[in-house]
Amino acid sequence: MIKSKIPTNVLTELNRQLNQELSAAHAYLALSAWCASQNLKGFAGFFAKQAGEEREHAQKILRQVLDRGAVPELAALAAPRQSFDSLLAVVEHAQVMEQANTQGIHAVYETAVTARDYPAQVLMHWFIAEQVEEEAWADEAVDRVQSATCAGSLLDLDRHLEKILGTDKAG
Ligand SMILES: [Fe+2]
Ligand SMILES: [Fe+2]
């Protein structure tokens, strides 16, 4: 067995964040299902794609943990929130989640800085920039759903969601 090159406290943080990313994937799947149940196909597809991206984020962390001689620790995931009163509640939930995820990323980074663990710092640079984009589309989604005052404009927003929030932003 190769000895881990990751400082213990950084490894703890990487594992925590790895599981946070998997929880986010789980949560987005639930948001996607709720939207699909309301025939909001644009939002359903958008959140399904987000779920896939959160899994990729988890993979990135998992990869570094393995490459540096440690075994990632997968935790049990809590059931995501699945009932919502409105689409606004859904996008607000996504917004709060992304803000919490940013806090998680920053916590990993701060630990890596204190421990002078450069590989984890560089990995987190990608995540820090990613979270700026994630929060931007979440903020825009909340704003646009708030502005869609009638049922017709909500359906219009749903239909054009991919174009509006875009693949470039929701990356
Ligand atoms: Fe993520
Ligand atoms: Fe995210």
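View 1. Setting aside neighbours within four places in sequence, Cys-35 touches Leu-40, Phe-43, Ala-44, Phe-47 and Val-90. Here, two residues are in contact if their C-beta atoms, placed from the backbone, lie within 7 Å. This is a predicted model, in which local features need pLDDT of at least 70, side-chain atom pairs count only at pLDDT 80 or more, and totals for chains, interfaces and linings use all residues. Residues are numbered from 1 along each chain as its sequence is written, while chains are lettered from A and ligands numbered from 1 in the order in which they are written.

**View 2. The largest nonpolar core.** Which residues touch the most other members of this core? They are Leu-14, Leu-31, Cys-35 and Phe-43, out of 41 residues. Two or more residues each come from α1 (8-37), α2 (41-67), α3 (87-114), α4 (118-147), α5 (151-159) and α6 (161-165). The largest share, twelve residues, belongs to α1. A nonpolar core is a set of buried Ala, Val, Leu, Ile, Met, Phe, Trp, Tyr and Cys residues joined through C-beta atoms within 7 Å. A residue is buried if 20 or more other C-beta atoms lie within 10 Å of its own, exposed if 12 or fewer, and partly exposed in between. Helices are DSSP runs (H or I, at least four residues), numbered from the N terminus.

**View 3. Helix α1 against helix α2.** The two axes, α1 and α2, come within 8 Å and cross at roughly 165 degrees. That makes α1 roughly antiparallel to α2 (angles over 145 degrees count as such). Axes are lines fitted to C-alpha atoms, for helices over the stretch in contact, and angles run from 0 to 180 degrees between N-to-C directions. In the contact of α1 with α2 there are 19 nonpolar, four polar and four charged residues. Asp, Glu, Lys and Arg count as charged, Ala, Val, Leu, Ile, Met, Phe, Trp, Tyr, Cys and Pro as nonpolar, and the others, Gly among them, as polar.

**View 4. Two loop residues with positive phi.** Most residues other than glycine have a negative phi. Asn-39, in the loop between α1 and α2, has a positive phi near 60 degrees. Arg-116 sits in the loop between α3 and α4, with a positive phi near 55 degrees. Asn-39 is exposed, with 10 other C-beta atoms within 10 Å, and Arg-116 is exposed, also with 10.

**View 5. Ser-147 in helix α4.** Is Ser-147 buried or exposed? Ser-147 is exposed, because 10 other C-beta atoms lie within 10 Å. Its C-alpha atom is separated by 28 Å from that of Gln-103, 44 residues apart along the chain.

Technical notes: Parallel < 35°, antiparallel > 145°, perpendicular 65-115°, else oblique.
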